[in-house]
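Dear colleague,

Please read the notes with the model open beside them.

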Amino acid sequence: MSSLIPPPPPSRSSSCFVTKPARGFQVLRIDGYSCTKDLLGGERISSDIFIVGGRHWCVDYYPNGADASVNESGAIALYLRLAGTNSDGGGHRQKMRVPARYKFSLLDVATGGDATYERPEETGVFTFDWHQAAGGDDARCGYAEFITRQELEGLIREDRLAIRCDVGVTEVAPLPVVAADPLAANPSSTSRFMQDIASRQRYNYLGFNGYNGGIGDEFYGLDGYRRSQEPPLDDKEYILRCLTAERPRQ
């Protein structure tokens, strides 16, 4: 009589994602505003890349407008531009469409960052094409005429222009919640795996940069080890430092 072979155990897996709002802002400070008026239409000054919701963004300032066929304009142009993402789309380099909320404001350098002029928050869809170096016109949203030069120059102090751009998107992040079956056959790895899960959960839910926070003066990194760094600056203090930092001597 032949022995019965038991069937293999069922394959089990789970997937979990968390969706959450992600917000951030960029402060673009330009010392020597009066000299930027010499740039021609279509020429821009771009901020450094900043990351919000896993996407790369930058702010484009056009002193004489974004129209390259016009040398001089009576208004400045401001745009938020999608410049890429943390992922390349699985290597396929497909077009990426991202809905986002954005808001531009001009900051008063004399008062440490109070808004002297701003537009209401807008919503736009940004389309990034990996085959175009700058992303193309569809990768940006903003204003061809944000403020007239006459109005702007009535707000400028110390020949310094400070632009704030707030960005908000919805971020989708994986959240591992159940250990895979192979761990059951290797109990020694379970503890290390669950520690990693807990660390990732703290990161996903709290979304801090570099550490996950703690109690009092104790802060912990994503690896669970204690960190001695100070809490982050609040927005007002951060902007104040951006506006008051001294330029390096030429």
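A charge is taken to sit over a ring if NZ of Lys or CZ of Arg is within 6 Å of the ring centre and within 35 degrees of the ring normal. By that rule, the charged end of Arg119 sits over the ring of Tyr143, 4.5 Å from its centre, and Arg164 lies over the face of Phe25, at 4.2 Å from the ring centre.

Please bear in mind that this is a predicted model, in which local features need pLDDT of at least 70 and side-chain atom pairs count only at pLDDT 80 or more, while totals for chains, interfaces and linings use all residues. Residues are numbered from 1 along each chain as its sequence is written, and side-chain values use heavy atoms, with hydrogens and water left out.

On the aromatic side, rings of Phe, Tyr and Trp (its six-membered ring) pair if their centres lie within 6.5 Å, with planes under 30 degrees apart counted as stacked, over 60 as edge-to-face and the rest as tilted; the count comes to 9 aromatic pairs. The rings of Trp57 and Phe126 have centres 5.1 Å apart and planes at 85 degrees, so this pair is edge-to-face. Tyr102 and Phe104 also form an edge-to-face pair, at 6.2 Å centre to centre and 70 degrees between the planes.

Turning to charge pairs, a salt bridge is a side-chain nitrogen of Lys or Arg within 4 Å of a carboxyl oxygen of Asp or Glu, and a search of the whole structure finds 11 of them. One joins Arg23 and Glu121 at 3.2 Å, N to O; Arg23 is exposed, with a relative accessible area of 52%, whereas Glu121 is partly exposed at 41%. In another, the closest N and O atoms of Arg160 and Asp31 are 3.0 Å apart, with Arg160 buried at 16% and Asp31 partly exposed at 22%.

Note on methods
Buried means under 20% relative accessible area, exposed over 50%, partly exposed in between (1.4 Å probe, protein chains only).
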